[in-house]
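Dear colleague,

With this message I hand over a structure that may be new to you.

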Amino acid sequence: MATGQIFSKTTQALFYNYKQLPIQRMLDFDFLCGRETPSVAGIINPGSDGFQKLFFGQEEIAIPVHPTIEAACNAHPTADVFINFASFRSAAASSMAALKQPTIRVVAIIAEGVPESDTKQLISYAKANNKVIIGPATVGGIQAGAFKIGDTAGTIDNIIQCKLYRPGSVGFVSKSGGMSNEMYNTIARVTDGIYEGIAIGGDVFPGSTLSDHILRFNNIPQVKMMVVLGELGGRDEYSLVEALKQGKVQKPVVAWVSGTCARLFKSEVQFGHAGAKSGGELESAQAKNQALRDAGAVVPTSYEALESAIKETFEKLVEDGKISPVAEITPPPIPEDLKTAIKSGKVRAPTHIISTISDDRGEEPCYAGVPMSTIIEQGFGVGDVISLLWFKRSLPRYCTQFIEMCIMLCADHGPCVSGAHNSIVTARAGKDLVSSLVSGLLTIGPRFGGAIDDAARYFKDAYDRGLTPYEFVEGMKKKGIRVPGIGHRIKSRDNRDKRVQLLQKYAHTHFPSVKYMEYAVQVETYTLSKANNLVMNVDGAIGSLFLDLLSGSGMFSKQEIDEIVEIGYLNGLFVLARSIGLIGHTFDQKRLKQPLYRHPWEDVLYTK
């Protein structure tokens, strides 16, 4: 066990098992104390590495994250405190691994419930190698104005109220972390504050004892008096009694052992800590308090009188000239986190993204205001989900069924079209699913799939302007533009595209109006008079029928329809549909374990 001061204003720690709030509280305390460097040198998050962003005052900093204790210790050789936030199941193993590192001098174990046999092994190893354990079941410790462990002393407001941003003259040690916060406040009211405070933890076998730390405090010149808060159960306080009797402690000790109320109960009493369990007269609070009093400690008659006892002891030291009360300073203000400031109404912060189609902040995600449970319970289909996320409204069933028909009919068009070919070649090159899918999607455009948007735009413009099919087609010809949605490599007047026929039949049966489709059919009649293969293709059918869906449903204004066509919603429908087929082709090639594709020489015209 160390014989003197274990922390300083340059102490740095490694934090095991990332916890954002206690680390940020340590960094805020550093800034409050005027430290030049953060007290957290690195974070150990098993299996992870990289950096974690946190704040050091106003400045955002990146603290390295390491996958193992060994890697962290090698990267930060000056960090000699290990703060272990592991669960009780893994705390012992990780603490022992830290103790075995030559750079680690102090290990704080926050978890409670660590198996006692494991704790004993840790204590034995620490004593044999002159290292310090604080805990298990501890909140940690603090050296005022220099360094603190995790959540010790609570919030910044409490730290400022307890004057912990600068050193005082009192050394404090207790078993309870919660009572430590209370005592920091008490000590700050009646003295110049603490110099160092330690909560050894409430388990039956603490890694370091009350007397261990009192003996340390006795060797620290800045500590002029000590305050001890024990509790019933165990015999730890008697080692302090012996130290006092043997004259090992020369500075005043004010002590109190909590739990005097245990005698009021007829049965054995178990308080919050594992070690706070009445077990015979010697372990009672009354016996311990009397033993400490007999050994020379200042022990009040009740907990309520503890504050007065601390005050009187401190004032006597001041009178005797042994303490020159610390001059008060004003600590720098800690910048308030944006989330906290927004919540309290102190600032207005602009958002960076606007979303009007979905919201996942509540108990369940919502699509356009419709809860996910409603979507499932009412049997919504893919078309319904598209209507909510794309159009922000629930469209009639005939509309959503038409959308689903379009997706099914456009899902694939064989392995030879450009998109499928690209996905197949990419998959055979050993690339992953996303790469193979994207390589196929990138071919979608004016010549492949993207004609749906253009067909809708041109048919709508021509119909709305009252152009005859002749005026429309010949006008496009003069501009050098092929009519989108008209023409097919294979299909012809006598070999119609079955997909087009299915869509037209559905629309005639269910749509209130098919004026745009009828116009497109009239255009097809004119183009067929020019060439046998200038038939309406699936792009033209979907483009014209979507115009009928939007205008005939009565749910969209003219401005909304123009916007939908202009933005490219219909092309989005083809992208969504064809993704199904491209994914299928990718899986197909991988399942068949096809080798790298190489285009055959005989299919290439080599020319000079």
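The notes below describe the domains, the sheets, and then several individual residues.

The model is a predicted one, and the description should be read with that in mind.

**Domains**

The protein is divided into two parts: domain 1 covers 13-320 and domain 2 covers 411-592. Taken over C-alpha atoms, the centres of domain 1 and domain 2 are separated by 72 Å.

**Strands β2, β3 and β4**

Strand β4 (residues 59-66) pairs with strand β2 (residues 40-44) in the parallel sense, over two bridges. In this pairing Ile43 stands opposite Val65 of β4. Strand β4 also pairs with strand β3 (residues 50-56), here in the antiparallel sense and over seven bridges. Phe56 faces Glu59 of β4, standing opposite that residue. The hairpin of β3 and β4 has two residues between the strands, and Gly57 in this hairpin takes a positive phi near 70 degrees.

**The sheet of six strands**

Six strands form an open sheet with mixed pairing, in the order β9-β8-β11-β10-β12-β13. The edges are held by β9 (147-148) and β13 (253-258); each has a single partner strand, so one side of each is left without a neighbour in the sheet. At the β9 end, strand β8 (residues 140-143) pairs with β9 in the antiparallel sense over two bridges, and Ile142 stands opposite Lys148 in β9.

Gly140 belongs to strand β8. With a relative accessibility of 1%, Gly140 counts as buried. Gly140 and Gly150 are 10 residues apart in sequence, and their C-alpha atoms are 6.9 Å apart in space.

**The sheet of three strands**

A second open sheet to note consists of three strands in the order β14-β15-β16, with antiparallel pairing. Here β14 (358-359) and β16 (370-371) stand at the edges; since each has a single partner strand, one side of each is left without a neighbour in the sheet. Two bridges join β14 to strand β15 (residues 366-367), and these strands run antiparallel. Ser358 has Tyr367 in β15 as its bridge partner.

**A buried lysine**

Lys131 is placed in the loop between α4 (116-128) and β7 (132-134).

**Cysteines**

How many disulfides does the structure hold? The number is zero. Cys33 is accordingly in no disulfide, and the nearest cysteine sulfur, that of Cys162, is 13 Å away. For a disulfide the two sulfur atoms would have to be within 2.5 Å. Cys33 is also buried, its relative accessible area being 7%.

**Backbone features in the loops**

The loop between β7 and β8 contains Pro136. The peptide bond that leads from Gly135 to Pro136 is cis, with omega near 0 degrees.

Two further loops each contain a residue other than glycine with a positive phi. Ala153, in the loop between β9 and α5 (156-161), has a phi near 75 degrees. Is Ala153 buried or exposed? Ala153 is buried, with a relative accessible area of 0%. Lys163 lies in the loop between α5 and β10 (170-174), and its phi is near 60 degrees. Lys163 counts as partly exposed, at 24% relative accessibility.

**Helix α13**

In helix α13 (residues 382-391), the buried residues include Gly383, Asp384, Ile386, Ser387, Leu388 and Phe391. Helix α13 is followed by Lys392, which has a positive phi near 60 degrees.

With kind regards

Note on methods
Residues numbered from 1 in each chain as written. Predicted model: local features only at pLDDT ≥ 70, side-chain atom pairs only at ≥ 80, totals over all residues. Heavy atoms only, no water. Pairing = 2+ DSSP bridges. Helix = DSSP H or I, 4+ residues; strand = E, 2+ residues; numbered from the N terminus. Domains from an automatic or database assignment. Buried < 20%, exposed > 50% of the residue type's maximum accessible area, 1.4 Å probe, protein only.
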